[in-house]
Amino acid sequence: MKADLLQVVEAAYHLDGSDGQWLQGLTDAVGPHIDAGYGVYGATIDAADSGHMRVGPVACYRGDPAFVRAIHLTNASLSSTEVERTYRNTSAINTATERVGVAKWNEAASRHGPPGIRDCAAVIAADARGVGCMVIAPLDYVHRYSRRVKRVWERVVAHVVAMQRLRGSLPNAEERVRSEGEAVLSPAGEVEHALGSARSASARALLQAAAIARERARGPLRRQDPEEAVEMWRALVAGRWSIVDRFDRDGRRFLIAHENEPQAAEPLALTVRERQVVTRVAMGHSNKLVAYELGLSVGSVSAYLNTAMRKLGLRSRVDLARLVCAARSPSP
Amino acid sequence: MKRGRSPAAVRDRAAGLHVLPFAFGGGRFAVLVEELDAGVLPDTITVAEREVGLLVRRGFSNLEIALGRGTSERTVANQISSLMRKVGAGSRVQLALRLGAVPVPLPAK
């Protein structure tokens, strides 16, 4: 049976339960996609301090303790450049041999890992600071994911990053499942109750459209065309809201729109929306992916980007990335 | 032919610097750039790709790189896509970051 891609997205949206349970759910959902018979391992990662990377407790899917040990040893042996380069700036799904080459990987694997492992698949969901989680699977063959697979996982991972951010802003589990967010919608997308900026007619229309797309993605389409289903269910609404499910005591389902704006802390003289776009472009994301991540149209993304580039006096996306690098690490 | 063309392509590895011959506007220059940190890159990268990579991470365009190196723009584009494949970068920006993009200071306000 083919593994279900939307299950990974849905696992990200589980708001009840502890962080450990959330990571376990995510690992279980990613598991069937990348498992090669050696188990699948999930862990939180924090590479914000680029000197080293902190790896949290490991969640296992059909796991083996020998690998858990190898994961900690390997990560402890990473140099700061390796952390900076391979965990911060990498595609959402990749393999270790792709990041560092076959020769270097073999060398590292022979030092720390059980024998017979030739590569390691990784799904990495980290924000612009390098904070997030990874789910990895040892492989006994050298592998590379196709562009098509990478494209769809970039989108899946955008949901994981958004929901980790939401969990971070609502740390209390009780609060997470009870908060009514900025808007309450029916499964059909009718706004039943709205606060603040969600009250305007245009906000209501955007939320409704997003709710409908989300329902359609989770309908028969998820089996017929999983990639299209993922494409349809975008990671955010209008750069601002995340929509999550809520069941009341009678088992009735509602949708809750939580305010969940990505922070973009660079000290650049830009508007919030411009900074959100700039941060993502500087991570090497395409305009289409940025549109998906923020829930904006591709036209808006390119307009925000153009204005920002003009304000900053830049002429290329690489220069933009270099500027954001400088802003992130205060130079001496 | 390739070997004789650029005697200036001296690599001062001890200093971690790399001298790149560069022709621009009729003149010949040498650009001094920091070496790539080879420790985190696949060793299948060729010398030409490495030199192109050094310029990509400094924000040069394909045309500028081609003019500077005296090759065609198409050659540069091919070298870049081959680099992207080898390091697993999905975009030019990601390539620049993977090679260690050289930060530029914030604009003065």
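How much area is buried between chain A and chain B, and what percentage of that area do carbon and sulfur atoms give?

Author: The model is a predicted one. In it, the area buried between chain A and chain B is about 2700 Å², and carbon and sulfur atoms give 55% of that area. Three residues, R85(A), V318(A) and R322(A), supply 27% of the area that chain A buries against chain B, more than any other three residues. The size of an interface is often given in this way, as the accessible area lost when the parts come together. Counted by residues, the interface brings 34 residues of chain A into contact with 33 residues of chain B.

The rule finds 1 salt bridge across the interface of chain A and chain B. In a salt bridge, the side chain of R315(A) meets that of E64(B), with a distance of 3.1 Å from N to O.

As to the elements involved, four helices of chain A each supply at least two residues of the side that touches chain B: α4 (80-88), α5 (96-100), α6 (102-112) and α15 (317-328). The largest share of that side comes from α15(A), with 9 residues. By residue class, the side of chain A that touches chain B divides into 15 nonpolar, 8 polar and 11 charged residues.

A further matter is whether disulfides are present. A disulfide is a covalent bond between the sulfur atoms of two cysteines. By the rule applied, the count over all chains comes to 0 disulfides. For C60(A), the closest cysteine sulfur is that of C120(A), and because the two sulfurs are 13 Å apart, they are too far from each other for a bond. C60(A) is partly exposed, with a relative accessible area of 29%. C133(A) is likewise in no disulfide, and the nearest cysteine sulfur, that of C60(A), lies 15 Å away. C133(A) counts as buried, at 2% relative accessibility.

R273(A) is found in helix α12 (residues 272-281) and is buried, with a relative accessible area of 19%. Leaving aside residues up to four places away in sequence, R273(A) touches A238(A), G239(A), E261(A), L296(A) and Y304(A). The side chain of R273(A) makes a polar contact with the side chain of E261(A) at 3.5 Å, and another with that of Q276(A) at 3.1 Å.

Terms used:
Residues numbered from 1 in each chain as written. Chains lettered and ligands numbered in written order. Predicted model: local features only at pLDDT ≥ 70, side-chain atom pairs only at ≥ 80, totals over all residues. Heavy atoms only, no water. Contact = heavy atoms within 4.5 Å. Buried area = accessible area lost by both parts, 1.4 Å probe. Salt bridge = Lys/Arg side-chain N within 4 Å of Asp/Glu carboxyl O. Nonpolar A, V, L, I, M, F, W, Y, C, P; charged D, E, K, R; others polar. Disulfide = S-S within 2.5 Å. Buried < 20%, exposed > 50% of the residue type's maximum accessible area, 1.4 Å probe, protein only. Polar contact = N/O pair within 3.5 Å; in protein donor to acceptor, adjacent residues only side chain to side chain.
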